[in-house]
Amino acid sequence: MHPRNPYINPPDFASLADAYPALKTQLMRLANNIFTIDFKNELSQRCLTEALLHRDFNLTIAVPDDRLCPPVPNRLNYILWLQDILSATALITSDSEAQNLLGIDIGTGSSAIYPLLGCQSDQRWAFIATDVDEKSLDFARRNVQTNLLDSRISVVKSDPTGPILLRVLQDDTLLPQGVDSFSFTMCNPPFYSSREEILRSAEAKEFEPTAVCTGADVEMITPGGESAFVCRIVRESLEARTRCRWYTSMLGKMSSLSEVVTLLRESRIDNYACTEFVQGQTRRWAVAWSFDDVRLPDSLARTHSPALQSIMPPRNTRHKAN
Ligand code: SAH
């Protein structure tokens, strides 16, 4: 879990339910004054997401029953890591006059969770949010409007048969006046290559072992799975290069991270970063890369996880010999 993530410790469900009374019906008593919720129950999960967004981010969202309901702590990990990258490379400064940052969220889903969290966490962020699924796009637009963020988040339909990113990146009309590049892209890709892989990984308890997953096929399945999806983004970034400062993606499997890093190295991109998010029993990985000269400190670009050492980027921090 990211050290700035306020959900490092589980929430006090009773006080959360005071702040969001709809959660009261989902509480289960563990001991005298200690409550939890049933994480395997879909309604309880949805209610928890709504409660945390309402109490901690002043956000209201509606997600249809047949689409993913995002867990807030996990989504916040990615936002916080991205904030670290942008501030370490001087894209975010303490100077309040600093230029606003425009990011692209690829596959925003019905919740538009990343743009909503990103905008509420930093007043200078704005987003282009894409998806291919009409139902998700419709709900994402409504969620943006409900939270009065239409001036900072534009929801855009992507063509499922076209490029994932290039059309948006090359569209000058999406950039505010005076801005000639995007600051970042982010993505939580469809993880699986097929229905069979979903069933196999459920048996192997690879993903979300304790939680329910209400995703539709379009949200969870993509040809070749997540690594093929993110490798397509890498190839598109090779054309767009410095049009965006940081390209990033989350990944659900460690093996996908290795495949993406192999492609980055083959493409002679050595300015990259890897991280691991550990959330209870769930593990996720994320990768970031850039065509800029500005490098990240090792503390951000490299993780200590022994299993990942062979795919770590080169060290950037010089150590002085005595
Ligand atoms: N960002 C949300 C949803 C992630 S699920 C969250 O984190 O909860 C993956 C999303 O990618 C789905 O909404 C799916 O419709 C979308 N998607 C699939 N293929 C896509 C493509 N080619 N371009 C943009 N989005 C795509």
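A residue is called buried when its relative accessible area is under 20%, exposed when it is over 50%, and partly exposed in between (1.4 Å probe, protein chains only). Tryptophan 125 is buried by this definition, because its relative accessible area is 1%.

The structure is a predicted model, in which local features need pLDDT of at least 70 and side-chain atom pairs count only at pLDDT 80 or more, while totals for chains, interfaces and linings use all residues. Residues are numbered from 1 along each chain as its sequence is written, and side-chain values use heavy atoms, with hydrogens and water left out.

The predictor's confidence in each residue is given as pLDDT, from 0 to 100. The chain has a mean pLDDT of 91, with 93% of its residues at 70 or more. Helices (H or I, at least four residues) and strands (E, at least two) are DSSP runs, numbered from the N terminus. Among these elements, the highest mean pLDDT, 98, belongs to helix H5 (residues 134-146), and the lowest, 82, to helix H7 (residues 195-203). Over residues 206-210 pLDDT stays under 50, and the model has 15 contacts beyond four places in sequence for this stretch; contact means heavy atoms within 4.5 Å.

Rings of Phe, Tyr and Trp (its six-membered ring) pair if their centres lie within 6.5 Å; planes under 30 degrees apart count as stacked, over 60 as edge-to-face and the rest as tilted. Nine aromatic pairs are found in the whole structure. One of them joins phenylalanine 13 and phenylalanine 39 edge-to-face, at 6.3 Å centre to centre and with 70° between the planes. This pair links distant parts of the chain, 26 residues apart: phenylalanine 13 is in helix H1 (residues 13-19), and phenylalanine 39 is in the loop between strand E2 (34-36) and helix H2 (42-57). Phenylalanine 13 counts as buried because its relative accessibility is 5%, whereas phenylalanine 39, at 33%, counts as partly exposed.

A tilted pair is formed by tryptophan 125 and phenylalanine 184, because their ring centres are 4.9 Å apart and their planes lie at 50°. Tryptophan 125 is in strand E4 (residues 125-131) and phenylalanine 184 in strand E6 (residues 182-187), so the pair ties together parts 59 residues apart in sequence. Phenylalanine 184 is buried, with a relative accessible area of 0%. Ring pairs join Trp125, Phe127 and Phe184 in a cluster.

The ligand is surrounded by 17 residues, of which the closest are Arg75, Gly107, Thr108, Asp131 and Asn188; a residue is counted if one of its heavy atoms lies within 4 Å of the molecule. An oxygen atom of the ligand is 2.5 Å from an N or O atom in the side chain of aspartate 131. For the side chain of asparagine 188, an N or O atom is 2.8 Å from an oxygen atom of the ligand.

Alanine 288 is located in strand E9 (residues 282-289) and is buried, with a relative accessible area of 0%.

Arginine 243 lies in the loop between helix H9 (225-240) and strand E7 (244-251). Arginine 243 counts as buried, at 19% relative accessibility. Leaving aside neighbours within four places in sequence, the residues in contact with arginine 243 include Asp171, Asp172 and Asp180.

Methods. A polar contact is a pair of N or O atoms within 3.5 Å; within protein, one must be able to donate a hydrogen and the other to accept it, and residues adjacent in sequence count only if both atoms are side-chain atoms.
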